[in-house]
Amino acid sequence: MSEQRFTVTVGGADVVGVLHAPESGPSPCVVACHGMGASKDSDKYLLLGRELPGAGLALARFDFRGSGESGGSHREATIESRVADLEAVLDHLAKRPELDGRFGLLGSSLGGFVALWAAASRAAAGAPLPVVTWNAPASLRDLPSADPEQAGPALVAEVRRGQWAEAPAGVPGVLVIQADRDEVVPPGHGRLLFKRAREPRRLHVISAADHRLTDMGHRLEAVAESRRWLVTQLSGMARTSP
């Protein structure tokens with residue numbers, strides 16, 4: 001497995017990522033989207049970087065602007081800016097010779113919400129991407145009551161305007177993974193995401209798991225289910241190697 005850093009510029013700021021690619025040649029790639037307060041270097045994404053290449057899938061993890069090693073201000077980060085970051089990363093990765101042009105998305109918490117919006121845009125353009133969400137919200141309507149320093153005032157204002165506040169409906173190829181003891185995103189959000197998705201779709205509930213999937217057994221269960229879903233969905237997509 002190779003591990004290479006990459007940087008793309010979005011809105012005048014650097015977005016920094018790491019690509020973990022199998023040695024076997026051009027491969028499909030899963031792009032991981034971190035949640036609020038996390039980064040590409042959180043344990044979950046390092047685990048995915050170790051686990052997915054063995055199944056023939058590259059894993060790209062990156063920091064949204066205002067997080068981790070990327071530039072920009074967390075206070076100014078919104079759903080719209082995060083979707084733009086993800087789109088720029090996808091455009092960059094589409095030109096990489098290690099990859100074959102097939103992409104999937106995996107996002108935890110707010111990262112899953114962002115991944116669904118990016119996938120909705122791609123599906124509308126006739127280029128659907130399979131998506132896996134881990135404990136992602138279906139709605140951000142409660143966010144204005146949250147601490148603006150944690151969420152970021154620009155994001156709070158965006159939701160108050162009614163923009164990007166609800167997860168999109170009609171996204172195909174979605175696996176919703178939901179912890180049934182999630183203390184941050186109530187489990188009903190996962191059920192709603194599943195109902196909004198279009199076939200093929202699946203809901204997988206992890207018994208006794210918390211929002212962060214702190215227990216390693218729960219985390220490995222999420223990884224195994226995600227890997228199985230993404231391998232299946234990506235195997236049916238056409239390759240478009242650069």
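Is W117, at 25% relative accessibility, to be counted as buried, exposed or partly exposed, and why? In this predicted model, W117 counts as partly exposed because its relative accessibility is 25%, and a residue is called buried only under 20% and exposed only over 50%.

Helix 3 covers residues 110-124, and its 15 residues reach 22 Å from the first C-alpha to the last, which is close to the 21 Å expected at 1.5 Å a residue. The helix is mostly covered, with 11 of its 15 residues buried; these are L110, G111, G112, F113, V114, A115, L116, A118, A119, A120 and R122. After the helix comes G126, whose phi is positive, near 85°.

Two packed helices are described by the angle between their axes and the distance between the axes. For helix 2 (residues 79-93) and helix 3, the angle is about 65° and the axes are 9 Å apart, and helix 2 passes helix 3 in a right-handed crossing. On the side of helix 2 the contact is made by I79, R82, V83, L86, E87, L90 and D91, which meet L110, F113, V114, A115, W117, A118, S121 and R122 in helix 3. The residues of this contact divide into 10 nonpolar, one polar and four charged. W117 is thus among the residues of helix 3 that helix 2 meets, although W117 itself counts as partly exposed at 25% relative accessibility.

**Aromatic pairs**

The count of aromatic pairs comes to two. In one of them, the rings of F62 and F64 have their centres 4.9 Å apart and their planes at 70°, so the pair is edge-to-face, given that planes over 60 degrees apart are assigned to that class. F62 counts as buried, at 1% relative accessibility, and F64 likewise counts as buried, at 1% relative accessibility.

The rings of W117 and W164 have their centres 4.9 Å apart and their planes at 65°, so this pair, too, is edge-to-face. The pair links distant parts of the chain, since W117 belongs to helix 3 while W164 lies in the loop between helix 5 (153-160) and strand 7 (172-179), 47 residues apart. W164 counts as partly exposed, at 24% relative accessibility.

**Backbone features**

Most residues other than glycine have a negative phi, and most peptide bonds are trans. Against that background, S109 has a positive phi of about 55° although it is not a glycine, and A208 is a residue other than glycine whose phi is also positive, near 70°.

| Residue | Phi |
|---|---|
| S109 | about 55° |
| G126 | near 85° |
| A208 | near 70° |

The peptide bond from E199 to P200 is cis, with omega near -5°, and P200 has its place in strand 8 (residues 198-206).

**From strand 8 to the end of helix 7**

A208 is found in the loop between strand 8 and helix 7, where it is partly exposed with a relative accessible area of 36%. In helix 7 (residues 216-235) stands H218, which counts as buried at 16% relative accessibility. Leaving aside neighbours within four places in sequence, H218 is in contact with I206, S207, A208, A209 and L213, so that A208, with its positive phi near 70°, is one of the residues that H218 contacts. In the segment after helix 7 lies G236, which is exposed, with a relative accessible area of 70%. G236 and Q150 are 86 residues apart in sequence and 40 Å apart in space, C-alpha to C-alpha.

**V185**

V185 lies in the loop between strand 7 and helix 6 (188-196) and is buried, with a relative accessible area of 6%. Not counting residues up to four places away in sequence, V185 touches N135, A136, P137, Q178 and H211. The C-alpha atoms of V185 and R198, which are 13 residues apart along the chain, are separated by 22 Å.

Methods. Residues are numbered from 1 along each chain as its sequence is written. This is a predicted model: local features need pLDDT of at least 70, side-chain atom pairs count only at pLDDT 80 or more; totals for chains, interfaces and linings use all residues. Side-chain values use heavy atoms; hydrogens and water are left out. Helices (H or I, at least four residues) and strands (E, at least two) are DSSP runs, numbered from the N terminus. Buried means under 20% relative accessible area, exposed over 50%, partly exposed in between (1.4 Å probe, protein chains only). Contact means heavy atoms within 4.5 Å. The expected span of a helix is 1.5 Å times one less than its number of residues. Axes are lines fitted to C-alpha atoms, for helices over the stretch in contact, and angles run from 0 to 180 degrees between N-to-C directions. A crossing is left-handed if the near helix is turned anticlockwise from the far one by less than a right angle, and right-handed if clockwise. Ala, Val, Leu, Ile, Met, Phe, Trp, Tyr, Cys and Pro count as nonpolar, Asp, Glu, Lys and Arg as charged, and the others, Gly among them, as polar. Rings of Phe, Tyr and Trp (its six-membered ring) pair if their centres lie within 6.5 Å; planes under 30 degrees apart count as stacked, over 60 as edge-to-face and the rest as tilted.
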